[in-house]
Each structure stands twice: as structure tokens, then as C-alpha cells.
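Dear colleague,

Please find below the structure that I am handing over to you. A summary of the findings follows it.

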Amino acid sequence: MILIVLKARIRPEKRTEWLAGIERYTRQVRDEPGNISFDYYQNAGDENEFVLVEVFADSAAGDAHVATQHAQDFFPFMATVVAEKPRINYQNLDGDAWSEMAEVTPVD
């Protein structure tokens, strides 16, 4: 599986534009056949910093994602709203995308 964590700081004056763009992009990526999950989060201490967490089935799915029209449209859009170059953590990992956490079990 491919795990990508992206951290991006958005220009404050572009926040509304960013929110509309990332919401649309999230829906599009989630519809891709090789996508396992795609979520974005706002930093609790900085409303202009966002983290995107992307999980794809394998490197072929990741390559297919980058080649989609919506990704090709999103990258130039993102360049117009970020305040600095985004940071990325890209991991190609063996195994399933998600497993249960051993340390926590719900209690009644």
C-alpha cells in the first residue's frame, strides 16, 4: 500500500478558495478505484495549516491517481493557494492499509 501524508500551509486570503477546492478534490480522489482513503484535517492550532492523509492500494494505484485529470488540475490550483512549498511523507509499505490498534478496546 501507499501512504502519503502531506502538510500544507494555505495563504489566509485564499482559505475559502482552498476549502472549496480541497472538498471537491477529496470527493474525486475517493471515487478512484485504487483509493482506500483520502482525508484532510485542519491543524487545531493554526487554521491555515492542513494535513492530507492519502492511502492507495499499491504503487500502480498511486501512479494512476497522479495521472488523473483531477490531480493534474489540482496541483496547479494548489500552487495558487499555498503560502510555502508543501511537505510530504511518502511510504510504500507491505501489508494491509488498516489494522486494529492493540492497545485500545472499547469498554461499556
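In this predicted model, Tyr25 has a relative accessible area of 3%, so Tyr25 is buried, the limit being under 20%. Phe38 also counts as buried, because its relative accessibility is 0%. The ring centres of Tyr25 and Phe38 lie 5.6 Å apart and the ring planes stand at 90°, so the pair is edge-to-face. Tyr25 belongs to helix α1 and Phe38 to strand β2 (residues 35-43), so this pair ties together parts that are 13 residues apart in sequence.

In total, 5 aromatic pairs are counted. One of them joins Trp18 and Phe74, whose ring centres are 6.1 Å apart; the planes meet at 45°, so the pair is tilted. Trp18 is part of helix α1 (residues 15-30) and Phe74 is part of helix α3, so parts that are 56 residues apart in sequence are tied together by the pair. Trp18 and Phe74 are both buried. Ring pairs link Trp18, Tyr25, Phe38, Phe50, Phe74 and Phe77 into a cluster.

The sheet

Strands of a sheet pair through backbone hydrogen bonds, in either a parallel or an antiparallel manner. Here, 4 strands form an open sheet in the order β2-β3-β1-β4, and the pairing is antiparallel. The edges are taken by β2 and β4 (87-92), each of which has a single partner strand, so one side of each is left without a neighbour in the sheet. On average, and with direction ignored, neighbouring strands are turned by 10° against each other.

Between β2 and strand β3 (residues 46-56), the antiparallel pairing extends over 8 bridges. β2 and β3 are joined by a hairpin through 2 residues.

Helices on the sheet and against each other

Which strands does α1 touch as it packs on the sheet? Helix α1 touches β2 and β3, and its direction makes about 165° with that of β2. Helix α2, for its part, lies across β1 (2-9), β3 and β4 and runs at about 130° to β3.

Two packed helices are described by the angle between their axes and by the distance between the axes. For helix α2 (residues 59-67) and helix α3 (residues 69-81), the axes come within 5 Å and cross at roughly 65°. On the α2 side the contact is made by His65, Val66 and Ala67, and on the α3 side by Gln69, Ala71, Gln72 and Phe75. Sorted by class, this contact has 4 nonpolar residues, 3 polar residues and no charged residues.

The chain as a whole

The protein chain contains 3 helices and 4 strands, which follow the pattern β-α-β-β-α-α-β along the sequence. Its C-alpha trace spans about 45 × 35 × 20 Å along the principal axes. Of the 108 residues in the chain, 36% are buried. Among contacts in the chain with a separation of 6 or more, 72% are between residues 24 or more positions apart. The accessible surface comes to about 7100 Å², and 51% of this surface belongs to carbon and sulfur atoms.

With kind regards

Conventions: Residues numbered from 1 in each chain as written. Predicted model: local features only at pLDDT ≥ 70, side-chain atom pairs only at ≥ 80, totals over all residues. Heavy atoms only, no water. Axes fitted to C-alpha atoms, helices over the stretch in contact; angles between N-to-C directions. Contact = heavy atoms within 4.5 Å. Nonpolar A, V, L, I, M, F, W, Y, C, P; charged D, E, K, R; others polar. Phe/Tyr/Trp six-rings, centres within 6.5 Å; stacked < 30°, edge-to-face > 60°. Buried < 20%, exposed > 50% of the residue type's maximum accessible area, 1.4 Å probe, protein only. Pairing = 2+ DSSP bridges. Areas by Shrake-Rupley, 256 points an atom, 1.4 Å probe, with all protein chains shown as cover.
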